[in-house]
Amino acid sequence: MLAKNLDDLYFSQSALISYQTCPLKFRRRYLDGLFWPADWGGDKNQKEVIEQGRLFHLLAQRYYFLGEVPQSKELLSQQLAFWFEELKKFRPYHDNGKFLPEHEIRMNDNGIKLVAKYDLLYITSDGRVVIYDWKTNNSRPLTNYYRNHLQTITYRYVLAKAGRVYSPTGIFRPEDISVIYWNPRYPNYVEPIGYSQKQFVKDELFLIKLISEIKSLDYDQFIATGDQKRCIYCEYRPICHGKRAIHVEIEEEDMDFDLDWESIEEIQFS
Ligand code: SF4
């Protein structure tokens, strides 16, 4: 995650969001390497929510990897067992199509480096792909919020640009790609977000402009946001303002899912 210089960095959606939230936050994390454990600073309830989310992601990873869960269900908490039943009803594993859980794709297109980390890619035999992202916080996924969110923009773009090796037809057209944010606390709330060629072109221009802007800055030009409301939820508040954050949003990339880094593929473009 720590970059010696910005040419080394693969920009994740989290990195781009950090920069948009506060350039100094981006610098502290991705250039200075200041990093705290995922549940740092949270109260007991927040830590519990984070831990349940981490376990759910692991459970889903194993289910879609093997088609079953090896450990006894008796070992799961009541809540996790319920969530898992809902998950199997919502997106059952089967032998048709391909399931790629906790999968990462890296791309490098003339120095525009991006990484997308997917909870689950489900690829149908006729060449469509659904990106599933598990949310386990207390609120219902808000589709309108996610429609223009950097996570959606990055996920779809990387797959359309660099995911062709996973397609049975040799290409994922934007129209073949959709994203579903799903929360087992709200199992019936399912609103796929689609994609189009027009949106792909728009997203490409946006990402190139944003990454180019970040890479053009000198170290001292990563300045603090002028909106101090953002600091209330920032893990670097103790350094900037001498106070603890009220609540720190946890990024999934901070959670440890025992990722197999050898499986991460970088797609180069000539
Ligand atoms: S506390 Fe505020 S100024 Fe400091 S890094 Fe975080 S968002 Fe930026």
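In which loop does Asp-176 lie? In this predicted model, in which local features require pLDDT of at least 70, side-chain atom pairs count only at pLDDT 80 or more, and totals for chains, interfaces and linings use all residues, Asp-176 is located in the loop between H6 and S4. Residues are numbered from 1 along each chain as its sequence is written, and side-chain values use heavy atoms, with hydrogens and water left out.

Asp-176 counts as buried, at 10% relative accessibility; buried denotes under 20% relative accessible area, exposed over 50%, and partly exposed the range in between, with a 1.4 Å probe and protein chains only. Neighbours within four places in sequence being left aside, Asp-176 is in contact (heavy atoms within 4.5 Å) with Gly-127, Arg-128, Val-129 and Ile-171. The C-alpha atoms of Asp-176 and Arg-128 are 4.6 Å apart, although 48 residues separate the two in sequence.

The chain contains 8 helices and 5 strands, assigned as DSSP runs (helices H or I, at least four residues; strands E, at least two) and numbered from the N terminus. Along the sequence these elements follow the pattern α-α-α-α-β-β-β-α-α-β-α-α-β. Of the 270 residues in the chain, 50% are buried. Where contacts join residues at least 6 apart in sequence, 70% are between residues at least 24 apart.

The largest nonpolar core comprises 42 residues, of which Phe-11, Leu-16, Phe-26, Leu-114, Tyr-118, Leu-159 and Ile-214 touch the most other members. Such a core is a set of buried Ala, Val, Leu, Ile, Met, Phe, Trp, Tyr and Cys residues joined through side-chain atoms within 4.5 Å. Two or more residues are contributed by each of helix H1 (13-21), helix H2 (23-31), strand S1 (98-109), strand S2 (112-123), strand S3 (129-134), helix H6 (150-162), strand S4 (177-182) and helix H7 (197-216). H6 supplies the largest share, 8 residues. Apart from this core lies another, of 19 residues, including Phe-56, Ala-60, Leu-76 and Ile-180. Beyond residues up to four places away in sequence, Phe-11 touches Leu-6, Leu-16, Phe-26, Lys-113, Leu-114, Val-115, Ile-211, Ile-214 and Lys-215. Within H1, the buried residues are Gln-13, Ser-14, Ala-15, Leu-16, Ser-18 and Tyr-19, and their cover includes H2, S2, H6 and H7.

H6 packs against H7 at an angle of about 110°, the axes lying 10 Å apart. H6 is therefore roughly perpendicular to H7, a description that applies to angles of 65 to 115 degrees. Axes are lines fitted to C-alpha atoms, for helices over the stretch in contact, and angles run from 0 to 180 degrees between N-to-C directions. H6 takes part through Leu-150, Ile-153, Thr-154, Arg-156, Tyr-157, Ala-160 and Lys-161, and H7 through Gln-199, Phe-200, Asp-203, Glu-204, Phe-206 and Leu-207. By class, the residues of this contact divide into 7 nonpolar, 2 polar and 4 charged; Ala, Val, Leu, Ile, Met, Phe, Trp, Tyr, Cys and Pro count as nonpolar, Asp, Glu, Lys and Arg as charged, and the others, Gly among them, as polar.

The ligand is surrounded by Cys-22, Lys-25, Ala-224, Thr-225, Cys-231, Cys-234, Tyr-236, Arg-237 and Cys-240, a residue being assigned to these surroundings if one of its heavy atoms lies within 4 Å. This shell consists of 6 nonpolar, 1 polar and 2 charged residues.

Phe-82 belongs to helix H4 (residues 78-90) and, at 47% relative accessibility, counts as partly exposed. Its C-alpha atom is separated by 9.3 Å from that of Arg-185, 103 residues apart along the chain.

Conventions
Parallel < 35°, antiparallel > 145°, perpendicular 65-115°, else oblique.
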